Amino acid sequence: MPSVSAVIATFNRAPELRTALSRLLAQTHPVAEILVVDDGSTDGTDAMVRGEFPTVRYVRLPHNAGLIYARNFGFVNTAGDYVLSVDDDSWFAEPDGLARAVAYMETHADVAAVACNIETRDGLVYFPPQADPFDAPWYVGCGHLLRRSAVAAVGLYMPELYRQGEEKDRCLRLIGAGHRVVALPEIMVYHDKSEKGRKPGLERFYNHRNDLIREVARCPAGLLPWRFARSWIGNSWKNLRHGPRLTDLKVLLALPEILRIGLKHRAPVSEDAYRRWLHLSKTAAPNSPPLQSGGGLGRGQAGIHRTSP
């Protein structure tokens, strides 16, 4: 049986983490090891995990280093053939969710990552639940399974991204290396989406900043000026729709840092791979706009959909 390591990064969400661990331990496919990487919690997370889950490995980082650093730490300190990532407030909706994800990976050797479907507490669902598996541009951090050998070959996340956007960069590198990222709409992960630690303004800033870093690092030279400008304008428009913000000014002030980080990690993918990733981003992205009613749901179409109450 292929071995699975599970990595959960956490920060000050002890009650939510308790539920996530309980649901994970109830999966029909045994998890060889569960590593909780505590990014400096101060709410008693350590006592809860050690007291209630003695089989779970627990590491508390000495200071808050960011979600992405914690996920990198978890990857290099586990050994399973596959690496499962769920958030401290997410879990499989069904007890055989992990088993089905592993079975798919075992029979599709060219797949480096599977993106599970995500349902949030407010009833939003990322993919049409009855759709067939289809190629996707990226997975979502709160519910995905990785093939360790493929990820090890393309490298860890850029730690400078700090808190978000790392999925897009890694999946672009995986696709550039000839692998596939596949969405499995029938495998649902429920995301309770705790409000603890969520700051919309900060999320908008890092979305904008990290998209620009990714373009500098991965975009082929011939497309880079256009894509950098397109990314900046697109994110600025999104910020404007939320009302007057200082996000664009903060990003402008961060431009030297953006260029420094992007150039430090620069390893562009081929133009063919990049254009394929762009196409998937437009047609199969898990955070694309909802499909218009009456438009139908064909194979590979994605969006965010609301479930019935």
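I will start with how to read the model, then go to salt bridges and end with cysteines.

This is a predicted model, in which local features need pLDDT of at least 70 and side-chain atom pairs count only at pLDDT 80 or more, while totals for chains, interfaces and linings use all residues. Residues are numbered from 1 along each chain as its sequence is written, and side-chain values use heavy atoms, with hydrogens and water left out.

How many salt bridges does the structure hold? There are 21, a salt bridge being a side-chain nitrogen of Lys or Arg within 4 Å of a carboxyl oxygen of Asp or Glu.

One of them joins aspartate 169 and arginine 218, at 2.6 Å from N to O. Aspartate 169 is in helix 6 and arginine 218 in helix 7 (residues 200–218), so the pair ties together parts that are 49 residues apart in sequence. Helices here are DSSP runs of H or I with at least four residues, numbered from the N terminus.

Are these two side chains buried or exposed? Aspartate 169 is buried, at 1% relative accessible area, and arginine 218 is buried too, at 5%. Buried means under 20% relative accessible area, exposed over 50%, and partly exposed in between, with a 1.4 Å probe and protein chains only.

Now the cysteines. The structure has zero disulfides, a disulfide being a pair of cysteine sulfur atoms within 2.5 Å. Cysteine 142 is buried, at 3% relative accessibility.

Conventions: Helix = DSSP H or I, 4+ residues; strand = E, 2+ residues; numbered from the N terminus.
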